[in-house]
Amino acid sequence: MNEFNEQGVKNVMEDIVYQKMESIIDSLGCCTCDKCKADIAAYVLNHVTPRYVASEKGELFSKVQELNQNSNTDILMKIVSASEIIKERPRHEKERIY
Ligand SMILES: [Zn+2]
């Protein structure tokens with residue numbers, strides 16, 4: 001889980017996206033190493049509206065709100081399309097130059 005940064009704000013979408021990704025990653029058929037997961041999360045987070053909170057109370061409230069909205073499916077769709085992109089060009093293939 002991500003901690004609050006020095007400014008005391010946190011994007012709860014990061015937790016939400018990571019949790020959803022972890023729950024479906026095995027069915028995506030893509031590489032599940034940390035780099036690919038980070039790539040998928042970054043892609044999704046760049047395509048969803050960030051939701052910043054300034055306290056743990058706000059965090060809880062925002063997460064509950066998020067679950068009540070219909071953005072669930074939207075985030076899942078974005079995770080799937082991100083995995084398609086990462087599947088085609090995994091970042092670590094290029095970096096593997098031992
Ligand atoms: Zn990988």
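1. Helix 2 comprises 13 residues, and its first and last C-alpha atoms are 18 Å apart, close to the 18 Å expected at 1.5 Å a residue. This comparison, like everything below, concerns a predicted model.

2. Which residues of helix 2 are buried? They are Cys36, Asp39, Ile40 and Val44. These positions lie on the same side of helix 2, because the arc they cover around the axis is only 125°. On the other side of helix 2, Asp34 and Asn46 are exposed.

3. As general background, nonpolar side chains tend to be buried together in soluble globular proteins.

4. Once neighbours within four places in sequence are set aside, Val44 is in contact with Val17, Ile75, Lys78, Ile79 and Ala82.

5. Helix 3 (residues 56-68) includes Lys63. Is Lys63 buried, exposed or partly exposed? Lys63 counts as partly exposed, because 17 other C-beta atoms lie within 10 Å, whereas a buried residue would require 20 or more and an exposed one 12 or fewer.

6. Lys63 also takes part in pairings across the sequence. Residues up to four places away not being counted, Lys63 touches Val12 and Ile16. Asp15 is 48 residues from Lys63 along the chain, and the C-alpha atoms of the two are separated by 9.1 Å.

7. For the protein chain as a whole, the model contains 5 helices and 2 strands. Read from the N terminus, the order of elements is β-α-α-β-α-α-α. Of the 98 residues, 17% count as buried. Among contacts with a separation of 6 or more, 79% join residues 24 or more positions apart.

How values were computed. Residues numbered from 1 in each chain as written. Predicted model: local features only at pLDDT ≥ 70, side-chain atom pairs only at ≥ 80, totals over all residues. Helix = DSSP H or I, 4+ residues; strand = E, 2+ residues; numbered from the N terminus. Contact = placed C-beta atoms within 7 Å. Expected span 1.5 Å × (residues − 1). Arc of directions from axis to C-beta.
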